[in-house]
Structures are given as structure tokens and as C-alpha cells.
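Work through these exercises with the model on screen. Try each task before you read its solution.

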Amino acid sequence: MLGLKLAIVAVGRFGAKDPERLLFETYAARLKPPLEMIEVEERRLTGAARQKREGELLLGAVPAGAAIVAMDGRGEVLSSEALAARLDRFRDQGVGRLAFLIGGADGHDEPVRSRAAFCYSFGAATWPHLMVRAMLAEQLYRAGTILDGHPYHRA
């Protein structure tokens, strides 16, 4: 579909019965290859120390050779078509793997944002982080269908 291996690297863990998990898994499985979920967690620290440690854990969990996209409220707001075009450019530039990073409650620290190829936002609203995983999976699937000319996307 996209010709890219995609992963979400996120702070926190899905619970076994979280409804967002089912929604995420529905769209993740539609992608070929399937979207990978990598979860990291820091429970001991608080405040700025926690944010820093979460950033270290996120960057340390990025699959080898992957370009990084940071999900960040200060990032670019893209239409589905613009996201598809951005993914297509990554593919055309020879990028074979992308990792989308979702931070904890305090967001990303500067080292994460500075390592990102770009920062991507779902807009000014604050979304629950588990919902962002499901929404991102759907948008990645939608981007693939746009690039394939599949009728799933109708604007």
C-alpha cells in the first residue's frame, strides 16, 4: 500500500479492554505491512525529569533506520491528502521506515522534536493519547488508500 514500514512509538500502554485498542488494531491490520505499535513507560519520575526520560525511551525504541515524525500540538496540521503526499515524498526519497512518536501527558521535550523529520498535529484540541493512536492509524490507512486511488477516501 504505502511501501513504507510504519510504527507508532508511544508513551503508555493500551489496556486489554480499551475500546481505542480495538479501533487502532482495526486500522493497523489494514495496512500492508501492518502498523507496528511500540509502547514505553516511565512511572517513577515526575515533571520535567519524567518528560526527559520519556523522550529518551521514545528515541531509544525507534526502529533502526526509521525517520521520525513527532506527534505534537505545535506541529503541522495536514489534510489527509497532504499527509498522503508527505508519505509519498518520504517513499520517493528512499525512506523505508517511519516512526510516529506520541509523548506522555506533558508532550515531547526538545530533543525529540529536534530529531523529527517533521512534527505533525491533529489540531489545537487536546486529544486523549490512546485516541491519538487510533486516529493516527486511521489517517495512515486513509493516506495509503489515497495514494492507491482506492475509494475509501471521499472528500
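**Exercise 1: a charged residue in a helix**

At 1% relative accessibility, Arg-133 counts as buried, because buried means under 20% relative accessible area, with exposed over 50% and partly exposed in between (1.4 Å probe, protein chains only). The model is predicted: local features need pLDDT of at least 70, side-chain atom pairs count only at pLDDT 80 or more, and totals for chains, interfaces and linings use all residues. Residues are numbered from 1 along each chain as its sequence is written, and side-chain values use heavy atoms, leaving out hydrogens and water.

Task: find which side chain is joined to that of Arg-133 by a polar contact.

Solution. 
- Start in helix H5, where Arg-133 is found. Helices (H or I, at least four residues) and strands (E, at least two) are DSSP runs, numbered from the N terminus.
- Look at what Arg-133 touches, not counting residues up to four places away in sequence: the list includes Phe-14, Phe-24, Met-37 and Glu-39. Contact means heavy atoms within 4.5 Å.
- The partner is Glu-39: a polar contact of 2.6 Å joins the two side chains, Arg-133 and Glu-39. A polar contact is a pair of N or O atoms within 3.5 Å; within protein, one must be able to donate a hydrogen and the other to accept it, and residues adjacent in sequence count only if both atoms are side-chain atoms.

**Exercise 2: an alanine and a proline**

Task: is Ala-28 buried or exposed, and which peptide bond is cis?

Solution. 
- Ala-28 sits in helix H1. Its relative accessible area is 5%, so Ala-28 is buried.
- Ala-28 touches Pro-34, Leu-35 and Ala-137, not counting residues up to four places away in sequence.
- Move on to Pro-33, in the loop between H1 and strand E2 (36–40). A cis peptide bond joins Lys-32 and Pro-33, with omega about -5 degrees. Most peptide bonds are trans.
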